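Visitor: Hi! Could you walk me through a few local features of this one?
Guide: Happy to. Let me bring it up first.

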Amino acid sequence: MKRITNTISLLLATAFISFDCTTHGADAPGELVPHELRLKAAQKPHNIVSYHHYSVEKENEEAYLNLRKEILQVRQYQVENGSFLWYAIFKARTNEFGSNYVLSVGEDSAQMRGRLPWGIPQLPPSLSVDRWKEIWSELRELHTYKGTVMVVLRDYTVGDMDASKWPEDPRKIVLNIGYMKPAEGKERVYRDAERDVFQKVWQNRYDNDPSFLWWGFYSLRGTNLDGMDFDYMTTNISRSDVKLTQEESGKIWDGIKDETGKSLKDMGVESMDDIREIKSVTYDLVMGTDGSKQLKNQTRNSLLGTWVHKNKDGSYRKKVVTHFTEQLSFYNAAGELIEKRKPLPMRIEIIDQQPRFTVYAPDGGTWNAAINVINGKWYEQHRAVWNGRWTETDPTVYWVYERSE
């Protein structure tokens, strides 16, 4: 089993994880990557998730959760400042793996030093360093750390930006995790089944089932949690307060059951039990940060609209930004249009508290650069990562965009 080491850099998932180009674009000259595939890459919600497992005795739970509520205000402050994307506490319905509480932390990179228990983070004004130390001193008497699992997102369902399906009360969220161990010699066919068959199954359910919120497929990056033997994970997130009738549920599954079975048989798979072992655990959300206030969403929302960068000679470039695309146009000093490009899918991510954006080109290329919005101006660094390599541009030079009517 893969192990987490003390050197976090060995677990580092780079900032520039992009979409699979094995059959399109960069690895197949002359073949363009479909817009839908690039748009899905732009909608990727995160790269890394860590699950920290704890055991808490029943008589300690109330005091334990009260301390976690104090910690939550710090984590919310950190989420809003870009330390990570979310922080959530789940309780297992059954005491699996010797742990009944799990802390989930989502990020776009794995650089978590100084942000979790092993360091004093940036604290909100309402909390002193002394109180922070007291909290952890008290917490150590109430729980037993069992280990951490770190996974990398490989595939996912795509949902709406306004999150209208999500409940107002986050405690209505239910997380089901499937811990997967491919059968010997069946790892590739198992991966293909998850990505090529079951992603479509869960996307179909998302599109038609108001109780279903999200599906993700992950590969294991590392773990030090004893009693676990798995290489992949799936997560299903649903609502406990939205119930479908048996007839409604039957219609959804009848519509996809036959197609799923046919797709698996086309791959030579009679049953998923033949290609993997699964152990499932269901968790209920106890508390978590407000994702609408995370720096990633703040940054994305601040970019929506039309922006203009003016050159010294009077010519200028214009950007029109939606939630997941940008469109560039170029004008001469007389204001005449020189070139208007098609909209390109664009993803926002936060790497070590620095907002960055990635644009996905039709040929499979990617452009990733640091950005900031300060006092109503959008600063975009000239120096960028183009197809995985840094450009030689001066890193002190920026395009400076201002809003346009």
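Predicted model: local features only at pLDDT ≥ 70, side-chain atom pairs only at ≥ 80, totals over all residues.

Visitor: Okay, helix 4 first. How many residues does it have, and what does it span?
Guide: Helix 4 covers residues 187-208, which is 22 residues. From its first C-alpha to its last it reaches 30 Å, close to the 32 Å expected at 1.5 Å a residue.

Visitor: Where does helix 4 bend?
Guide: At Phe198, by about 40°.

Visitor: And which residues of helix 4 are buried?
Guide: Phe198 is one of them, and the list also includes Tyr190, Arg191, Ala193, Glu194, Val197, Trp202 and Tyr206.

Visitor: Switching to aromatics: how many pairs does the structure hold?
Guide: There are 13 aromatic pairs.

Visitor: What does the pair of Tyr179 and Phe230 tie together?
Guide: Tyr179 lies in strand 5 (residues 173-182), while Phe230 is in the loop between strand 6 (212-223) and strand 7 (232-239), so the pair ties together parts that are 51 residues apart in sequence.

Visitor: Are Tyr179 and Phe230 buried or exposed?
Guide: Both are buried.

Visitor: Which rings are linked into a cluster?
Guide: Tyr190, Trp215, Phe217 and Tyr232 are, through ring pairs. Tyr190 is also one of the buried residues of helix 4.

Visitor: Nice. Which residue lies over the face of Tyr206?
Guide: Lys165 does, at 4.0 Å from the ring centre. Likewise, Arg383 lies over the face of Trp390, at 4.4 Å from the ring centre.

Visitor: Now Lys243. Where is it?
Guide: Lys243 is in the loop between strand 7 and helix 5 (246-266). Its relative accessibility is 65%, so Lys243 counts as exposed.

Visitor: What lies 3.3 Å from a polar atom of its side chain?
Guide: The backbone oxygen of Ser240. As for Asp209, which is 34 residues away along the chain, its C-alpha is separated from that of Lys243 by 9.6 Å.

Visitor: Last topic: which residue has a phi near 50°?
Guide: Asp352, and that is a positive value in a residue other than glycine. Most residues other than glycine have a negative phi. Asp352 sits in the loop between strand 13 (344-351) and strand 14 (354-360), and at 40% relative accessibility Asp352 counts as partly exposed.

Visitor: And what about the phi of Asn387?
Guide: Asn387 has a positive phi of about 55°, although it is not a glycine. Asn387 is placed in the loop between strand 16 (377-386) and strand 17 (389-390), and its 43% relative accessibility makes it partly exposed.

Key. Residues numbered from 1 in each chain as written. Heavy atoms only, no water. Helix = DSSP H or I, 4+ residues; strand = E, 2+ residues; numbered from the N terminus. Expected span 1.5 Å × (residues − 1). Bend = angle between axes of the 7 residues up to and from the residue. Buried < 20%, exposed > 50% of the residue type's maximum accessible area, 1.4 Å probe, protein only. Phe/Tyr/Trp six-rings, centres within 6.5 Å; stacked < 30°, edge-to-face > 60°. Lys NZ or Arg CZ within 6 Å of the ring centre and 35° of its normal. Polar contact = N/O pair within 3.5 Å; in protein donor to acceptor, adjacent residues only side chain to side chain.
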